[in-house]
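Here is a friendly walk through a structure, meant to be read with the model open beside you. Shall we take a look together at what can be found in it?

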Amino acid sequence: MRLRLVPQETNFDFFKYAKVTFGASIVAMIASIAIWLMVGLNFGIDFLGGTTIRTDATVEVDVAEYRSALDGLDLGDVVISRVFDPNFDEDQYVVTVRIQAQEGVEAVTPETIEAIETALLANVDSEMTFPSVESVGPKVSGELIQTAIIAVLASLGAILVYIWLRFEWQFSVGAVAALIHDVILTIGIFSLFQIRFDLATIAALLTIVGYSINDTVVIFDRLRENLIKYKQRALRDVMNLSANETLSRTLMTSGTTALALIALLVLGGDVIRGFVFAILWGVIVGTYSSIYVAKNVVLMLGVKRDWSKPSDGGGASGTQFANVDA
Amino acid sequence: MLQIPLWNRLFILLVLLAGLTFAFPNFFYERVERHNDAVAEMEREGIETDELLAEQALWPDALPATLVNLGLDLRGGAHLLAEVQVEDVYVARMDALWPEVRDALREVRDTVGTIRRIDADPGLLQVRISQPEGMSAAVAAVRELGQPVVSLTGGIGESTLDVSGSGDILTVRLSEAEQQATNDRTMQQSIEIVRRRVDEAGTREPTIQRQGQDRILIQVPGIGSAQELKDLIGTTARLTFHPVVGRAGSADEQVESRQIVLPSIDPDDQGTFYILEQTPVVTGDDLVDSQPSFDQQSGLPVVTFRFNPTGARAFGEYTAANVGAPFAIVLDEEVISAPVIRQAITGGAGQISGNFTVESSTELAILLRAGALPAEMTFLEERTIGPELGADSIEAGQIAALVAFAAVLVFMILSYGTFGIFASIALVLNVGMIFGVLSLIGATLTLPGIAGIVLTIGMAVDANVLVFERIREELKTARGPARAIELGYERALSAIIDANITTFIIATILFVLGSGPVRGFSVTLGIGIVTSVFTAIYVTRLLIIFWFERRRPKTIEV
C-alpha cells in the first residue's frame with residue numbers, strides 16, 4: 001500500500017473559486033504591506049548598524065535587570081531579548097543585547113563593548129560568557145541594504161528573462177507575479193511577528209524565490225506540453241488538467257522539503273531559526289502561489305494557442321529556446 | 001530501449017566513487033585535521049619531531065585528506081572588515097615630492113620668483129610663487145617631474161602628476177590614473193602585511209581578501225576575539241630611529257623646520273615630549289628580524305632587532321659619530337624610549353627596552369617582523385563567534401540533518417516503494433557528493449550552508465519525484481514498463497532542467513552579491529543542485545536499470 005498525498009486521478013477545478021483565492025492573495029498582500037508600513041521590520045544590525053552581544057548566563061535573570069544594568073551607559077536604543085531553544089542546557093540562559101550604532105561613530109568602538117560586558121558581569125551574573133559579539137558600522141549597513149535590494153531585484157529580473165526565453169512573456173509575468181506575492185507575504189509575516197530581519201533573511205527570500213519558481217516552472221512546463229497536445233480545448237481546462245497532473249508531484253516535493261525544514265526548525269538551533277522559518281513559510285506560500293497565482297495571471301493575460309509556429313511580432317524571441325533541453 | 005552504454009555506466013560510477021572518496025575523510029574530521037596540520041607544519045618548518053610524526057600517523061598518507069573548511073560561525077573566530085585610508089598615502093607622496101618641487105622651481109627662480117609651500121587640503125601640494133606671470137613656466141617645470149603611470153588598468157602614458165596654476169598658487173596632486181595605481185599598490189601592500197602579521201601569529205587558515213576599492217576582509221578562525229585580531233593588524237607599526245634635539249614641555253612647542261615634537265609613552269618619562277629631527281636615521285623597512293627577549297642585566301622583557309646591511313651601515317655610522325648623544329626609538333609617532341648612545345653599534349643588531357610585558361614585547365616583535373602598514377585602517381564591521389557556539393551549531397545542524405534525512409527517506413519509500421528505495425540511495429549518495437565537491441574545491445561550510453544542505457535533501461528528491469510521477473502516468477499509456485521508464489525520464493527532463501536552472505540562477509546571484517555565511521549558503525545550494533540533478537538523472541536511472549536487467553519484471557508499480 002502506497003502513501004498517496006492525492007488520489008491517483010484528480011480533477012479539481014482550480015479556477016472554481018478563483019475570485020476567492022486570488023482575492024485572498026491580494027488581500028494578504030495588501031495586509032502585509034500595511035503591517036510592514038505601520039509596524040515596520042525588526043531590522044538586525046546588518047541593516048541598522050550597531051552591536052549585538054549574545055550572553056550566556058548560568059542563572060535565570062529577568063530581562064529588566066539586564067536593562068537596568070545597562071541603563072547608566074547611555075547607549076541609546078537597547079533591545080534585550082531572551083532566546084529559547086530545546087538544545088540549551090538546563091542552566092543555560094541566553095539573551096541577546098542589541099545596541100544601536102553610536103552617534104557619530106563610523107567604525108566600531110571596542111570601549112562600548114567592554115563597558116557593556118563589564119556592566120553585565122558586575123550586575124547580572126559574574127559567570128556570564130559572551131559567545132558572540134557582532135558589530136556593523138553604519139557605513140557598511142547602508143551598503144548592505146543596497147546590496148540586498150539589488151539581489152532581490154536582480155533575481156526577479158533574471159527569472160523574468162529566463163522564463164520569457166523558455167516560454168512566453170505571459171508566463172514570465174505570471175511567474176514573477178507569484179514571486180512578488182511570496183516575497184511580500186514573507187515580509188508581512190516578518191513584520192507581524194517582529195522576527196529579526198537580517199542578511200540571512202535576504203538569502204532566505206531569494207531561496208523562496210528559487211523554490212517557488214521551481215514549482216511554477218514545473219506546472220508551466222506541463223501546461224506548454226498540454227497546450228500543444230490539446231489545441232482545441234479551452235485554456236482554462238488545459239490549465240486545470242496540467243495542474244491536476246502535476247499536483248501529486250507538487251505536494252510530494254513541498255512535503256519532503258517541508259519535512260526537512262521542520263526538522264531544522266525544531267532541532268537546528270536558535271541561530272538559524274529565523275532563516276529556516278522564512279524558507280519554510282516561503283515553501284508554503286510558494287506552493288500556494290504556483291497553483292493559485294501564477295496560472296491565474298497567465299489566464300488573465302491569455303496565451304497564444306498555435307505552438308507550431310514561432311510567435312509573431314512582439315514576442316520575437318518568445319519560444320526560440322523552448323526546445324533547448326540541456 | 002532502456003539502456004545506457006557500458007562506458008557511460010563506468011563514467012557515472014567513477015564520478016560517484018571520486019565524489020565519495022573526497023567526502024570520506026570528513027567522517028574523521030579531527031584526526032584528518034590534525035594530520036593535515038602536522039604535514040603542513042613539517043613542510044613549513046622543515047623539521048620532523050616525534051610529536052608531529054605521531055600526529056601525522058593519525059591518518060594514512062595514502063588516503064585522501066580533503067576536508068570541508070568550517071566557516072567562522074561553526075568553528076568560532078573573528079571577522080573584521082577594514083577600510084584602508086588610501087588617501088594617507090597621497091599625503092605621504094606629496095610630502096616626499098616637496099623637496100623635488102622646490103628644487104625644480106628654484107632652477108627657474110628668474111621667472112617664478114620666490115616660492116613658499118602653503119597649507120593645503122590633504123593630498124594636495126600648494127606652492128605660492130611671488131611672480132604670478134611666471135606661472136606657466138612653473139607649471140611646466142613641475143610637470144617635468146611627473147612620470148608615466150605604471151599600471152595594468154588603462155591610463156598608460158598618463159602622467160603621475162596633475163599640475164595646475166591659478167593666480168599665484170601652483171597646485172600639485174596625483175593624477176586620477178596614478179591615484180588608482182597608488183590605491184592598488186597600497187591595498188596589495190596592506191593585504192600582504194596583514195597576511196604576514198596573521199601568519200606570524202600562527203593561526204590556522206585565515207581568509208584575507210580585498211573587497212571593493214579600499215577594503216580588506218579578514219577572517220581568522222580560532223582566535224579569541226575580534227579585539228585581539230585588531231590589536232595585531234590594526235597598528236601601523238612604523239618604527240623609526242631619530243636623532244634627539246632636546247626636550248619639550250608640550251606638544252605645541254615651537255620648533256625649527258624639519259623638526260617634530262613627539263610624546264613619550266614610557267611611564268617613567270610621563271608627560272615628556274621630545275624634539276626630534278624629522279628625517280629618521282634608519283626605519284623599520286631596514287629590519288630583517290625581530291624577536292622578543294629579556295634584558296641580560298635587568299631581566300625585563302625587551303625586543304631585539306637586526307638590520308639589513310644598508311640599515312646596519314647607516315645605524316653604525318650614526319652611532320659612531322654620536323656617542324654620548326641620545327637618540328629616540330619611535331613607533332607610530334610615539335617615543336618608546338630615548339637611550340643615550342654608549343658606544344658605536346656596528347653589528348647591526350640591538351634591542352629596544354621600554355615598558356614591555358612579555359605579551360607586548362612578543363606582539364611588537366611580530367609587528368616589526370611583518371613590516372609597517374602603508375596606511376592606517378579603520379574597522380567597519382567586526383564579529384566574534386565563540387568556539388562553543390560554533391560547536392553547538394554544528395551539533396544541532398547534524399542532528400537536524402539526520403532527522404530530516406530519515407524523514408525524507410521514510411516518506412519516499414512509503415510513497416514509491418522499490419523506486420523510493422532507489423531515490424533514497426541516490427539521496428544518500430547526493431549528500432556524499434556534496435561533501436566531496438565541497439572538500440575538493442576547498443569551499444567553506446557555514447551554518448546557513450548546513451541549512452542549504454538540509455534544503456537540498458528536501459529538494460533533491462524533486463527530480464526523482466518528477467520522473468517517478470511521469471513514469472506512473474506513462475504506465476497508463478505506454479507499451480510495457482521499460483518503455484514507460486524510458487519515457488518518464490525523457491519527458492520529465494525539460495521540467496527538471498528548467499526548475500534547476502532557475503534555482504541555480506538564484507544561487508549564482510547570492511554568490512556574487514552575498515558575503516560570509518550567505519555566500520556559504522549559495523555554494524552548498526549551487527553544488528547541491530548540480531549533484532542532485534546528477535544523482536537523480538544518472539544514478540537512480542542506473543540503479544533502476546541494474547534492477548530491471550536482473551528482474552525483468554512484466555509489470556512495475558511506482
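The exposed residues Glu111(A), Glu114(A), Thr118(A) and Ala122(A) sit on the face of H4(A) that is turned away from its buried side. Here a residue is buried if 20 or more other C-beta atoms lie within 10 Å of its own, exposed if 12 or fewer, and partly exposed in between, with C-beta atoms placed from the backbone. The buried residues of this helix are Ile113(A), Ile116(A) and Leu120(A). They lie on the same side of H4(A) because they cover an arc of only 65° around the axis, the arc being that of the directions from the helix axis to the C-beta atoms. As background, an α-helix has 3.6 residues a turn, so residues three or four places apart point the same way.

H4(A) runs over residues 110-123, and its 14 residues reach 20 Å from first C-alpha to last, close to the 20 Å expected at 1.5 Å a residue. That expected span is 1.5 Å times one less than the number of residues. The buried residues of H4(A) pack against strand E2 (50-57), helix H3 (63-71), strand E4 (93-100) and E5 of chain A. Helices (H or I, at least four residues) and strands (E, at least two) are DSSP runs, numbered from the N terminus.

## About the model

This is a predicted model, in which local features need pLDDT of at least 70 and side-chain atom pairs count only at pLDDT 80 or more, while totals for chains, interfaces and linings use all residues. Residues are numbered from 1 along each chain as its sequence is written, and chains are lettered from A and ligands numbered from 1 in the order in which they are written.

## Chain A as a whole

Chain A has 9 helices and 6 strands, and its C-alpha atoms fill a box of roughly 80 × 50 × 40 Å along the principal axes. Of its 326 residues, 45% are buried. Among contacts in this chain between residues at least 6 apart in sequence, 79% join residues at least 24 apart; two residues are in contact if their C-beta atoms, placed from the backbone, lie within 7 Å.

The domain assignment gives chain A a domain 1 (18-42 + 141-308) and a domain 2 (50-136), with bounds that come from an automatic or database domain assignment. The centres of these two domains, taken over C-alpha atoms, are separated by 38 Å.

## Where chain A meets chain B

How many residues of chain A are in contact with chain B? There are 59, and they touch 59 residues of chain B. On the chain A side, the elements that give two or more residues are strand E5 (129-136), helix H5 (138-166), helix H7 (199-229), helix H8 (235-267) and helix H9 (273-301). H8(A) gives the most, with 14 residues. This side of chain A divides into 34 nonpolar, 16 polar and 9 charged residues. Ala, Val, Leu, Ile, Met, Phe, Trp, Tyr, Cys and Pro count as nonpolar, Asp, Glu, Lys and Arg as charged, and the others, Gly among them, as polar.

Strands also pair between the chains: E5(A) and strand E18 (residues 377-385) of chain B are antiparallel, over 5 bridges. Two strands pair if DSSP finds at least two bridges between them. In this pairing, Ser135(A) stands opposite Glu382(B) in E18(B).

Chain B is divided into domain 1 (6-27 + 388-551), domain 2 (87-178) and domain 3 (235-380). The C-alpha centres of its domain 1 and domain 2 lie 64 Å apart.

Strand E15 (residues 327-331) of chain B has 5 of its 5 residues buried. Phe327(B), Ile329(B) and Leu331(B) are on one side, with Ala328(B) and Val330(B) on the other. E15(B) runs antiparallel to strand E9 (residues 239-248) of chain B, joined by 5 bridges, and Phe327(B) is the bridge partner of Pro243(B). Another 3 bridges join E15(B) to strand E16 (residues 334-337), again antiparallel, and Val330(B) stands opposite Val335(B) there.

## Two positive phi values

The hairpin of E15(B) and E16(B) has 2 residues between the strands, and Asp332(B) takes a positive phi near 45°. Asp332(B) is partly exposed because 17 other C-beta atoms lie within 10 Å. In chain A, Gln194(A) has a positive phi near 50° and lies in the loop between helix H6 (169-192) and strand E6 (196-197). Gln194(A) counts as exposed, with 12 C-beta neighbours inside 10 Å. Most residues other than glycine have a negative phi.
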